[in-house]
Amino acid sequence: MRTPLLVALTCAVAVAVFSPGASAAPSVRFQSLAGVNAPGTPAQYNRVGVLQIGPRNARNVLVLNPGTSASAAYFAPLARTIVSEVKGWQVWAVERRENLLEDQSVLNAAKAGQATGQQVFNYYLGWLSDSSISPHFQVIPDADVAYARDWGMSVEVGDLRKVVRLAQRGGRTVVVGGHSLGGSITTAYATWDFSGHAGAEGLSGLVYIDGGSNPVPVSPDRATRSLQSLQTSSPWLAFGGIAAPYAGLFNSTGSLGVKIDPDTPSLGQAFPLLPANLKPPVPVTNAGQYGYALDVKTSPPALRAAQAHLGQLGTGNPAGWDGASALTPIGRYADMFSGWGIQGHDGTAWYHPMRLTIDSGAVADGNANPAQRILDVDATHGDDLPKGLRIYAFGAALGRAGVLATARVLARQSGIPRRNLTLVNRAATYAHNDPNSAAPKKNQFLKFLVPYLERVAGG
């Protein structure tokens, strides 16, 4: 039952999808679509969302799939830059069904200026160590969402099909891409068998951002063991070893703190349940805490998939964050993960389906293999993609040169000419999240993406 305060906060932001601080240009809107009917899933969760950025009448659409434990708003800063630099394009970011389980109520209120940083922290995390805090966020028991154990690649590709079909209406040019695990989803979709036809039919390009499909599939034994283990464990992946939904809550509240209270003493640093390896050795501000936890120099190895080149701790007591020479501005990074200016969405998926990660191991650049039969993966058109398809692959610290290699394999299998490939390796200088969040004038991923999109649009 909601208290009067929570009702007031919710009502204050229910009048608009986007908060008053959101920029009027480029256009930003959200659309919810009917997804595929997954076994046992309640009807309200058989849906897929699309965050659409850019002019509605743009004849070219870049559809982006987020990676592990990320969601549509993750791409918002990058998408705004893309549509401002490449005319005739809009960017659609996919919001997977697991995000429907999130409680964005007090985050929404804070974005609208109706809740303080302390209220946000207390509602989502503070109650864990202070039983007097009420109302507060309610964790969803695994037993209540057992159906999410079936939210694998088949469900994801089915939902993505709805998005791509919508994007293609009216004869629009469509490119599908993804970051990290989103790259594997991109290959799965492109090579998926839809009544004898590859998903890539009708697409003009594929974009891989430090992620893709490993050409070597998992073994049948490993696929079987993974499925068996999933039936008696949580439906959700533990990101960086932190159980769901807490990695998402740390990131959502931490990034929002950078936006609304960057210079106040860190709430997270004093929180006893924040892992010790994420806490700086000196008193810090909210911005200092967030930067320290996720910068490549100080973030723990388990969080490699969340890191960027953000800068370093500054001076002062408490110490702030110094990002003056950083590749990725911490404010832009916080925009990305907090979903700043966007009501109802942040850039983090609090609940990431373990089945989706398991199934990605069987995609194997679209080549049939025994693990696919076990995992209900139907990505079998790896040698049957349109020869005119243009592929852009960018390798950073996690995927490294392997991202480029798997793109080459995918192209070679279908006879796609080398001139259709744009392959860029920046593994030595780019962390896993820098391609999506680096300052536009410094961003090497963006530097090559712009002419790539121009070539696609030009035919």
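Let's start at valine 207. Leaving out its neighbours within four places in sequence, valine 207 is in contact with Leu62, Val175, Val176, Gly177, Gly178, Thr186, Tyr392, Phe445, Leu449 and Tyr452. Contact here is heavy atoms within 4.5 Å.

Before I go on, a word on what you're looking at. This is a predicted model, where local features need pLDDT of at least 70 and side-chain atom pairs count only at pLDDT 80 or more, while totals for chains, interfaces and linings use all residues. Residues are numbered from 1 along each chain as its sequence is written, and side-chain values use heavy atoms, with hydrogens and water left out.

Okay, the core. Val207 belongs to the largest nonpolar core, which has 87 residues, and Val207 is listed with Leu62, Ile82, Tyr124 and Leu449 as having the most contacts inside that core. By nonpolar core I mean a set of buried Ala, Val, Leu, Ile, Met, Phe, Trp, Tyr and Cys residues joined through side-chain atoms within 4.5 Å. Buried is under 20% relative accessible area, exposed is over 50%, and partly exposed is in between, using a 1.4 Å probe and protein chains only.

On naming: helices (H or I, at least four residues) and strands (E, at least two) are DSSP runs, numbered from the N terminus.

Now, what sits against α15? One partner is α2, with Leu78, Thr81, Ile82 and Glu85 of α2 meeting Phe445, Leu446, Leu449, Val450 and Leu453 of α15. The two axes come within 11 Å and cross at roughly 45°. Those axes are lines fitted to C-alpha atoms, for helices over the stretch in contact, and angles run from 0 to 180 degrees between N-to-C directions. Under 35 degrees counts as roughly parallel, over 145 as roughly antiparallel, 65 to 115 as roughly perpendicular and the rest as oblique, so α2 and α15 are oblique to each other. The crossing is right-handed, meaning the near helix is turned clockwise from the far one by less than a right angle.

How enclosed is α2, residues 76-85? Seven of its 10 residues are buried, so the helix is largely enclosed by the rest of the structure. The buried ones are Ala76, Pro77, Leu78, Ala79, Thr81, Ile82 and Val83. Their cover includes β2 (47-53), β3 (60-65), β4 (89-95), α10 (330-338), α14 (434-437) and, again, α15.

On to charges. Side chains of opposite charge can pair when their charged atoms come close. The rule for a salt bridge is a side-chain nitrogen of Lys or Arg within 4 Å of a carboxyl oxygen of Asp or Glu, and by that rule the count is six. Glu98 and Arg96 make one at 2.8 Å, N to O, and both residues are buried. Lys297 and Asp295 make another, also given as 2.8 Å, N to O. In that pair Lys297 counts as exposed, at 54% relative accessibility, whereas Asp295 counts as buried, at 1%.

Then there's Asp359 with Arg355, at 2.7 Å, N to O. Both lie in helix α11 (residues 354-360), four residues apart, about one turn of the helix.

Most residues other than glycine have a negative phi, and most peptide bonds are trans. Here, though, a cis peptide bond joins Ser134 and Pro135, with omega about 0°, and Pro135 is in the loop between α4 (117-124) and α5 (153-168). A cis bond also joins Asn317 and Pro318, with omega about 5°, and Pro318 is in the loop between β9 (312-313) and β10 (321-322).

As for phi, Ser69 has a positive value near 60°. Ser69 is in the loop between β3 and α2, and is buried at 10% relative accessible area. Asp365 has a positive phi too, near 55°, and lies in the loop between α11 and α12 (370-375). At 1% relative accessibility, Asp365 counts as buried.

Last one: His345, in the loop between α10 and α11. What does His345 touch, not counting residues up to four places away in sequence? Phe30, Ala73, Glu95, Gln104, Asn108, Lys111, Ser338 and Gly339.
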